[in-house]
Amino acid sequence: MPYQCQPSSANGGSSTCNQKNYDYYDSTIATGSHFRKGCKLTSSHHDFRIIEAIPEEQRKTTLLIVNLRDPASRAVSHYHMLKRHGDPGALNASGVVEYFTTDPLGVSISRNRMTRVMAGEFCCKDGAPARYTGAAMYKLALERLDEFCVVGLTSRVQDTMLYVLHALGLPTDKPPKNLHYHNNAKKYQPTAPEVLKQLSDFNAHDVDLYTAARTRFAEQMSALGEAGSGNSEGGDGVKGEGVSEGSGKTEVIDTAR
């Protein structure tokens, strides 16, 4: 996508936040011209509103993929990424728990991020204040998992892509090659039990959503039989798992989280 998504916050924001993104949705995605340009793969960190902008006819030929990650591991990795990029808030915080549970900016970019993305409430719009928790928001995010043909796990990227081949009706006898967990993904993991607990408690909706995603992932992988169970990358204890969502799809939208 051409523009980065600015997160919403509890304090609200500029009335024109993310306006370039929403203009692009209206002028290019909703009209279908984004796809007529020959785009075969669209990957973004935007929220579900980019999916809602896809024309109904285009949705029929689009393979929707979402990748979810263990919430505490995602927070720790994100924190270290911000430090590598010189983010002042992350650099000045005593650690990941302080930044992502007490700093207003840190909270806005991390708290229940996956749930907010799936519910279409992560990217700021019209400066409206964010909701970080709520039963209705979580329910909507959970329901939207079913709108994705492929629910992947970051820690099982090889198996996720194997199921993508299955969903596209392509051979799965040879697993995809050269697909590896990001170099830093395994490096930065919650090590102290109290850190894991604090991050998990603060992101309870994401913990529940990730649990649901793991169940869906297990169902998907069961459709592959031995092909799926033999390629686990470890990290979340899901093995031999799946339900085929069909094939014949031609476009891919990956809203990786």
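This passage describes the overall make-up of a predicted model, then helix 5 and the residue Ser9.

The protein chain contains 14 helices and four strands. It has 257 residues, of which 49% count as buried. The accessible surface of the chain is about 12100 Å², and carbon and sulfur atoms account for 52% of that surface.

Helix 5 covers residues 71-84, a run of 14 residues. From its first C-alpha to its last, helix 5 reaches 20 Å, close to the 20 Å expected at 1.5 Å a residue. Helix 5 is largely enclosed by the rest of the structure, because 10 of its 14 residues are buried. After helix 5 comes Gly86, which has a positive phi, near 75°.

Ser9 is located in the segment that precedes helix 1 (19-29). The relative accessibility of Ser9 is 18%, and the residue therefore counts as buried, the cut-off being under 20%. A polar atom of the Ser9 side chain lies 3.0 Å from the backbone oxygen of Gly12. When residues up to four places away in sequence are not counted, Ser9 touches Ser108, Ala128, Pro129, Ala130 and Tyr132.

Terms used: Residues numbered from 1 in each chain as written. Predicted model: local features only at pLDDT ≥ 70, side-chain atom pairs only at ≥ 80, totals over all residues. Heavy atoms only, no water. Helix = DSSP H or I, 4+ residues; strand = E, 2+ residues; numbered from the N terminus. Buried < 20%, exposed > 50% of the residue type's maximum accessible area, 1.4 Å probe, protein only. Areas by Shrake-Rupley, 256 points an atom, 1.4 Å probe, with all protein chains shown as cover. Expected span 1.5 Å × (residues − 1). Polar contact = N/O pair within 3.5 Å; in protein donor to acceptor, adjacent residues only side chain to side chain. Contact = heavy atoms within 4.5 Å.
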